[in-house]
Amino acid sequence: MKRREIVKVLGLGAAAAGLAACTEQKAPVADCKPVETPAAAPAKPETIEWKMVTTWPKNFPGLGTGANQLAELIGQMSGGRIKVKVYGAKELVGALEIFDAVSRGTAEMGHGAAYYWKGKTRAAQFFAAVPFGLTAQEMNSWLYHGGGMELWEEIYAEFGLVPGAAGNTGVQMGGWFNREINSVEDLKGLKMRIPGLGGEVLKRAGGTPVLLPGGEIFPSLQSGAIDATEWVGPYNDLAFGLHKAAKYYYYPGWHEPGTTLECFINKEAFEKLPEDLQIIVRNAVRVANQDMLADFTAKNNRALEQLVNEHGVELRQFPDEVLSQLKALSDEVVAEEAAKDPMTQKVFDSFVKFRDQATKWHAVSEQAYLNARSL
Ligand code: CA
């Protein structure tokens, strides 16, 4: 038996004792017998088996694969002590049932996006995306070093959950349109698939937000049942074939500037873990968070080239006048939303304070540099 295998069979403590004895005696490995200390020998480490339920179809590019990667990371980083089995939407529970399922312990982990739970806790929206909110980098800074995570933990604790940022799409695209948008007037009467607070903003601009699940977007756009849709970014949009149903591809995605994906863990299951495994799980989530953004960036780069060069998509930037009016409407909508309950107001205050600081710093750093690079 190889040393590694012995370690595996015996469990770490007993194997280490046995191997030390063998090494000292320089005995052939095959003759090595474990030192017999039955009372003191720790049992083979138990494998903790967890279920992760997700809001994504199984293996959905970027989001579902991000959930898979997190499960793998937890397995690898824990040396196999935790095994996480991932379930796509509807495999164990429906996409929008995962919050409750993990809360009551049907599964130990969930992977989704916090704005899906606004019906349970309005403040959750700030931990996914709000119109004209934070970019991916700014979200991570607010969460990890700006007080955001503590607020998120406080809110989810009421549901028996421990939250974590587990991925980010980066800035999304503004969407696919079958008519040009040259002024806010052009948004009037526009039927667009755009969920959440972004949809509310469109409504105030005179448009009609439509809620459609992923699978119905393409046929609705193609048939003219809707005039426009947003989805994610080039990578996911290309996979959905949206370029075959609309002429113009507008940017930027003012309504989802750095959508954060989440994982949440049943609090009781998490607290039952020994401290080292708790640290491992938290850090696996951090790695997954960073890696999903890197994955999206690399794949969006390539997909955008393909859309423009191979499929002849017409890329258009929303005019400044349209964006500045959408921003004014967004500020109204988000502030009104925050005022609906004290917790949401508390999160909003922290979020807006951070955004204002980040706006000043990024004006002279990221933004100034990106502008300089494209001169
Ligand atoms: Ca979107």
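These legends describe close-up views of one predicted model.

Residues are numbered from 1 along each chain as its sequence is written, and side-chain values use heavy atoms, leaving out hydrogens and water. In this predicted model, local features need pLDDT of at least 70 and side-chain atom pairs count only at pLDDT 80 or more, while totals for chains, interfaces and linings use all residues.

**Figure 1. The chain as a whole.** The chain holds 14 helices and eleven strands. Both are DSSP runs numbered from the N terminus: helices are H or I with at least four residues, strands are E with at least two. Of the 375 residues, 48% count as buried. Buried means under 20% relative accessible area, exposed over 50%, and partly exposed in between, with a 1.4 Å probe and protein chains only. Take the contacts between residues at least 6 apart in sequence: 76% of them join residues at least 24 apart. Contact here means heavy atoms within 4.5 Å.

Figure 2. Glu230 is buried, at 1% relative accessible area. Trp231 also counts as buried, at 14% relative accessibility.

**Figure 3. Helix H7 against helix H12.** H7 covers residues 196-204 and H12 covers residues 320-338. Their axes come within 9 Å and cross at roughly 125°. Axes are lines fitted to C-alpha atoms, for helices over the stretch in contact; angles run from 0 to 180 degrees between N-to-C directions. H7 and H12 are therefore oblique to each other. Angles under 35 degrees count as roughly parallel, over 145 as roughly antiparallel, 65 to 115 as roughly perpendicular and the rest as oblique. The crossing of H7 and H12 is right-handed. A crossing is left-handed if the near helix is turned anticlockwise from the far one by less than a right angle, and right-handed if clockwise. H7 contributes Leu197, Glu200, Val201 and Arg204 to the contact, and residues from H12 include Leu326, Leu329 and Val333. By class, the contact of H7 with H12 has six nonpolar, one polar and five charged residues. Ala, Val, Leu, Ile, Met, Phe, Trp, Tyr, Cys and Pro count as nonpolar, Asp, Glu, Lys and Arg as charged, and the others, Gly among them, as polar.

**Figure 4. Helix H6 against helix H13.** H6 (residues 148-157) packs with H13 (residues 342-364) at an angle of about 165°, their axes 10 Å apart. That makes H6 roughly antiparallel to H13. The crossing of H6 and H13 is left-handed. Leu151, Glu154 and Ile155 of H6 meet Met343, Lys346, Val347 and Ser350 of H13. This contact of H6 with H13 has four nonpolar, one polar and two charged residues.

Figure 5. Most residues other than glycine have a negative phi, and most peptide bonds are trans. Lys90 has a positive phi, near 75°. Lys90 sits in the loop between strand E2 (82-87) and helix H4 (98-103), and counts as exposed at 74% relative accessibility. Phe132 has a positive phi near 55°. Its loop runs between strand E3 (109-112) and helix H5 (136-145). Phe132 is buried, at 18% relative accessible area. The peptide bond from Tyr251 to Pro252 is cis, with omega near -5°. Pro252 lies in the loop between strand E9 (248-251) and strand E10 (260-266).
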